[in-house]
Amino acid sequence: MRTIDVHELIPLVRQAVQDINVNTPEPTLIQLSEILLTEPSPAGRAAMRDIVENRQIASQRGMPMCQDTGMVVAFVRVGQDVRLSGGDLREAIDEGVRQGYAEGYLRKSVVRDPLFERKNTGDNTPTVVHVELVPGEGLELIVAAKGFGAENMSWARVLTPAEGIDGVRREVVRCVEEAGPNACPPVVVGVGVGGTLEMAALLAKQALMRETGARNPDPRYAALELELLDLVNRTGIGPQGWGGVNTALDVRVEYYPTHIAGIPLAINLDCHLQRHTRIVV
């Protein structure tokens with residue numbers, strides 16, 4: 001059995017939250033640059049020019065790409081043969097976030113109570129942490145900074161089985177159309193189908209964590225992703241809502257078995273920043 005001290009995660013998370021707010025992975029920058037070259041709408045090209053330039057300046061100067069530096073979401077996959085020592089896993093992740101946001105001069109956007117006092121916690125914690133037990137002796141951590149321009153435009157519902165794939169197509173397009181420019185397109189659309197309502201929402205968020213260009217391993221769902229991407233890009237919303245054929249960078253679908261009586265569906269939008277990184281301990 002392998003032992004991992006949770007304090008090892010603190011500097012890794014501290015660096016991760018700064019990196020994802022400042023630096024753009026090369027595959028993402030290539031995709032954005034290709035859209036800039038191919039977007040037929042003059043207004044859409046102007047928006048993409050600003051987006052690409054903003055990314056380059058942020059990286060060169062070590063400055064955040066957006067004033068909304070997000071609420072941190074962490075997906076932790078812990079091997080069943082791992083023993084965690086040294087304290088509380090969630091507190092260690094929070095401490096990394098706390099230090100990273102202070103050190104990087106990143107905006108703190110989390111309020112302790114969502115309804116009444118809405119007082120800022122002052123350090124961008126607590127983190128939203130999802131823990132999954134998996135076979136093995138490893139520990140993998142995905143750290144994401146989720147801005148709320150796109151999060152606010154996300155939602156979930158349960159379709160009837162009769163609505164089927166047509167219902168999924170309809171609702172994905174409707175969600176993007178209702179979001180319009182508010183989610184800072186071009187967006188990435190995470191779609192979760194199946195399980196129960198909360199499982200569908202989790203799947204939709206997990207779909208956003210894929211690497212650029214990765215498809216669902218099931219060829220049926222991979223084909224659905226491409227079909228949905230085409231439908232979304234036909235809406236004409238375009239970059240930043242200025243019109244064009246690039247409303248979405250990608251659509252990613254994750255699924256899970258479900259009850260015979262329904263099709264839980266969640267759609268989680270992410271802006272073009274796509275701020276997440278993977279840490280393997």
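Reader: What makes the link between the side chains of Asp-218 and Arg-220 a polar contact?
Author: The term requires a pair of N or O atoms within 3.5 Å, and within protein one atom must be able to donate a hydrogen and the other to accept it, while residues adjacent in sequence count only if both atoms are side-chain atoms. The side chains of Asp-218 and Arg-220 are joined at 2.6 Å, so the value falls within the 3.5 Å limit. The model is a predicted one, in which local features need pLDDT of at least 70 and side-chain atom pairs count only at pLDDT 80 or more, whereas totals for chains, interfaces and linings use all residues. Residues are numbered from 1 along each chain as its sequence is written, and side-chain values use heavy atoms, with hydrogens and water left out.

Reader: Where does Asp-218 sit, and is it called buried or exposed?
Author: Asp-218 belongs to the loop between α7 (197–207) and α8 (219–233), where helices (H or I, at least four residues) and strands (E, at least two) are DSSP runs numbered from the N terminus. A residue is buried under 20% relative accessible area, exposed over 50% and partly exposed in between, with a 1.4 Å probe and protein chains only. Asp-218 has 13% relative accessibility, and therefore it counts as buried.

Reader: How do you know what span to expect of α3, and what do its end C-alpha atoms show?
Author: The expected span of a helix is 1.5 Å times one less than its number of residues. For the 20 residues of α3 (residues 42–61) this gives 28 Å, and the end C-alpha atoms are 28 Å apart, so the two values agree.

Reader: Which residues of α3 are buried, and why can they be assigned to a face of the helix?
Author: They are Gly-44, Ala-47, Met-48, Ile-51, Val-52, Arg-55 and Ala-58. Viewed down the axis of α3, these residues fall within an arc of 130 degrees, and so they line one face of the helix; the arc is that of the directions from the helix axis to the C-beta atoms. An α-helix has 3.6 residues a turn, so residues three or four places apart point the same way. Pro-42, Gln-60 and Arg-61 are exposed on the other side of α3, while the cover over its buried residues includes α1 (9–22) and α2 (26–38).

Reader: Why are the buried residues of α2 placed together?
Author: Thr-28, Leu-29, Leu-32, Ile-35 and Leu-36 are the buried residues of α2. They cover an arc of only 120 degrees around the axis, which puts them on the same side of α2. The face turned away from that side carries the exposed residues Glu-26, Leu-37 and Thr-38, and α3 and β8 are among the elements covering the buried ones.

Reader: What makes β2 a largely enclosed strand?
Author: Seven of its nine residues are buried, and therefore β2 is largely enclosed by the rest of the structure. Two strands pair if DSSP finds at least two bridges between them. In β5, Met-71 faces Lys-146 and Arg-77 faces Glu-140, whereas Phe-75 stands opposite His-130 in β4.

Reader: Why are β4 and β10 said to stand at the edges of their sheet?
Author: This open sheet of four strands has the order β4-β2-β5-β10, with mixed pairing. β4 and β10 each have a single partner strand, so one side of each is left without a neighbour in the sheet. Direction ignored, neighbouring strands are turned by 15 degrees against each other on average.

Reader: How is the packing of α4 on this sheet described?
Author: α4 touches β2, β4 and β5, and its direction makes about 140 degrees with that of β2. Contact means heavy atoms within 4.5 Å, and angles run from 0 to 180 degrees between N-to-C directions, with axes as lines fitted to C-alpha atoms, for helices over the stretch in contact.
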